[in-house]
Amino acid sequence: MDILTPAEPSSRGCQLSLIFKHPVSAIYKRLQEESVIVDVRKPYAMRVAPAPLYNNFSDCWEFVDTLRKVVLEAGAD
């Protein structure tokens, strides 16, 4: 998995775009089962938007932990 979002803070918003080497369908399905909401751009991209008005540090930490678990289960990176 790679991060598509620009590293430069002035060139990005709060959206984090991730790209996978394998289709994201299985990862998306598993995230839904874990009650995680993301936006998928098939076949390889996923967008996550941790908005400060709605998400705190703990929410972001839980997302990353869940995503890591789901990606490892799927055998996708």
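A salt bridge is a side-chain nitrogen of Lys or Arg within 4 Å of a carboxyl oxygen of Asp or Glu. The model is predicted, with local features needing pLDDT of at least 70 and side-chain atom pairs counting only at pLDDT 80 or more, while totals for chains, interfaces and linings use all residues. Residues are numbered from 1 along each chain as its sequence is written, and side-chain values use heavy atoms, without hydrogens and water.

**View 1. Salt bridge between Arg41 and Asp39**. The closest N and O atoms of this pair are 3.3 Å apart. Arg41 is partly exposed at a relative accessible area of 44%, and Asp39 is likewise partly exposed at 26%, where buried means under 20%, exposed over 50% and partly exposed in between (1.4 Å probe, protein chains only).

**View 2. Network of salt bridges linking Arg30, Glu33, Glu34, Lys69 and Glu73**. The side chains of Glu73 and Arg30 meet at 3.1 Å, N to O, and this pair joins helix α2 to helix α1 across 43 residues; helices are DSSP runs of H or I with at least four residues, strands are runs of E with at least two, and both are numbered from the N terminus. Glu34 pairs with Lys69 at 3.6 Å between the closest N and O atoms. Because Glu34 lies in the loop between α1 and β3 (39–41) and Lys69 in helix α2, the pair ties together parts 35 residues apart in sequence.

**View 3. The largest nonpolar core, with 14 residues**. Such a core is a set of buried Ala, Val, Leu, Ile, Met, Phe, Trp, Tyr and Cys residues joined through side-chain atoms within 4.5 Å. Phe20, Ile27, Leu31, Val38, Met46 and Leu67 touch the most other members, and α2 contributes the largest share, four residues.
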